[in-house]
Amino acid sequence: MLLEKINFVDLKKQYASIKDEMDSAVRDVIDKTRFIMGENISRFQEEFSGFCQVKHSVGTSSGTSALQIALTACGIKNGDEIIVPVNTFIATAEAVTLAGAKVKFADVDDKTYNIDIEKTKELINPKTKAIIPVHLYGQPADMKPILELAEEHDIKVIGDACQAHASEYNGKGIATFGDASCFSFFPGKNLGAYGDAGAIATNDCEISEKAAMILNHGRKKGDKYIHTVEGSNQRLDEIQAAVLRVKLRYLDDWTKKRIAHAKLYNELIEGATTPFEASYSKHVYHLYVIRTKKRDGLQKHLNDNGIFTGIHYPVPLHLQPAYGYLKKVEGSFPVAERLSKEILSLPMFPELTREEIERVAECTNDFLKNEN
Ligand SMILES: *Cc1c(COP(=O)(O)O)cnc(C)c1O
């Protein structure tokens, strides 16, 4: 019997479940032909702020733009050093360079896979101007010691929440911590647009106004022909804002489903390390990542059985050709290096069925048992 494939992410199922609403929202933008900075942008920004429990949010053209602009809006400039975990998507580090600053990598914690606080401490010097904790896979970084460290050294904290929409730290929305938080709405993210999009969420009015100005050619609100600073064009697009407004209404429900799927995986999987959930965290499972020394064999076995997986990330950033200039040899970040060889992201999206999760777990267990 040929088994049906289980995708890593399946956006078609989600679209089918909201098709009428989505089609009408997109058609409405096209009917009105207001494609730039229309009412969907302002409404989405209000609705997303409410969702994040913050005062302001500013739509951007991507998560990468959000990070870059947030850094600049926080006053980061040439020569400043910014601390970034080494196990993350490259965009976290790219944004630092794009903002004119220098990337300083920190190793990650062996249990949560998020930035290691002690290692972060060791990197702080007078040039350090910000830390970017990444809430990797949907689990908040440990914000309390990070914020204490930042306060002690008078540096900024810009959260990379690109995988962590709706996550909470000690019962409060993740975006309520630090100076600003950045989100990606890349289609496969927990809240995904139908193209590239992102946002900055903050309680700081000045950061929000500066960010809005930078991403719209340096215009202050209401200005058309006056450019107060040299900015750029990194605006959220009106059609994407309309798409996001529809999907935002379902995000709580979709998040609950992700959490339930993770719970079921946790119960069923044997012989691999399942995700560690810190006591302070509401983990929203953008990715469900297990750990085993038999990773490569397991990935192949699952693939042979029609189950598609991912690795986030197979090459830690310091070993990427792009960061060769930092001259960090293998062995510089032992925890992240070990992880990169042992982690595997299993299928995770709200529309997964119980049967599919059972099949993934069974197939995983079969392989791990027989390999012993
Ligand atoms: C997706 C992602 C980004 C970048 O977002 P884009 O919208 O693709 O630019 C940044 N950081 C992390 C951790 C991400 O997962």
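Tutor: Among the elements that cover the buried residues of helix α8 are α1 (11–32), α2 and α9 (251–268), where helices (H or I, at least four residues) and strands (E, at least two) are DSSP runs numbered from the N terminus. The model is predicted, so local features are taken only at pLDDT of at least 70 and side-chain atom pairs only at pLDDT 80 or more, whereas totals for chains, interfaces and linings use all residues. Residues are numbered from 1 along each chain as its sequence is written, and side-chain values use heavy atoms, with hydrogens and water left out.

Helix α8 spans residues 238–248, and because ten of its eleven residues are buried, the helix is largely enclosed by the rest of the structure; buried means under 20% relative accessible area, exposed over 50% and partly exposed in between, with a 1.4 Å probe and protein chains only. The buried set holds the charged side chains Glu238, Arg245 and Lys247 together with Gln240, Ala241, Ala242, Val243, Leu244, Val246 and Leu248; the classes used here count Asp, Glu, Lys and Arg as charged, Ala, Val, Leu, Ile, Met, Phe, Trp, Tyr, Cys and Pro as nonpolar, and the others, Gly among them, as polar.

The whole structure contains 14 aromatic pairs, a pair being rings of Phe, Tyr and Trp (its six-membered ring) with centres within 6.5 Å, and planes under 30 degrees apart counting as stacked, over 60 as edge-to-face and the rest as tilted. Phe48 and Phe183 make an edge-to-face pair, with 5.0 Å from centre to centre and 90° between the planes. This pair links distant parts of the chain, since Phe48 belongs to helix α2 (residues 39–52) and Phe183 to strand β8 (residues 180–184), 135 residues apart. Phe48 counts as buried at 0% relative accessibility, and Phe183 does so at 1%. Phe48 and Phe183 also belong to one aromatic cluster, together with Phe44 and Phe185.

A further edge-to-face pair is that of Phe105 and Tyr323, with 5.4 Å between the centres and 90° between the planes. Phe105 sits in strand β3 (residues 102–106) and Tyr323 in the loop between α10 (295–304) and α11 (334–342), so this pair ties together parts that are 218 residues apart in sequence. Phe105 is buried at a relative accessible area of 6%, and Tyr323 is buried at 4%. The loop between α10 and α11 also holds Tyr313, and the peptide bond leading from His312 to Tyr313 is cis, with omega near 15°.

Helix α10 itself packs against helix α12 (residues 354–371) at an angle of about 130°, with the axes 10 Å apart; axes are lines fitted to C-alpha atoms, for helices over the stretch in contact, and angles run from 0 to 180 degrees between N-to-C directions. That angle makes α10 oblique to α12, given that under 35 degrees counts as roughly parallel, over 145 as roughly antiparallel, 65 to 115 as roughly perpendicular and the rest as oblique. The contact (heavy atoms within 4.5 Å) is made by Gly297, Leu298, His301 and Leu302 of α10 and by Val360, Cys363, Thr364 and Phe367 of α12. By class, these residues divide into five nonpolar, three polar and no charged.

Ala272 is buried, with a relative accessible area of 16%. Leaving aside neighbours within four places in sequence, Ala272 is in contact with Ile290, Arg291, Thr292 and Leu368. Ala272 and Lys294 are 22 residues apart in sequence and, from C-alpha to C-alpha, 9.0 Å apart in space.

Ile69, Thr72 and Ala73 of α3 meet Ile207, Lys210, Ala211 and Ile214 of α7, a contact of five nonpolar, one polar and one charged residues.
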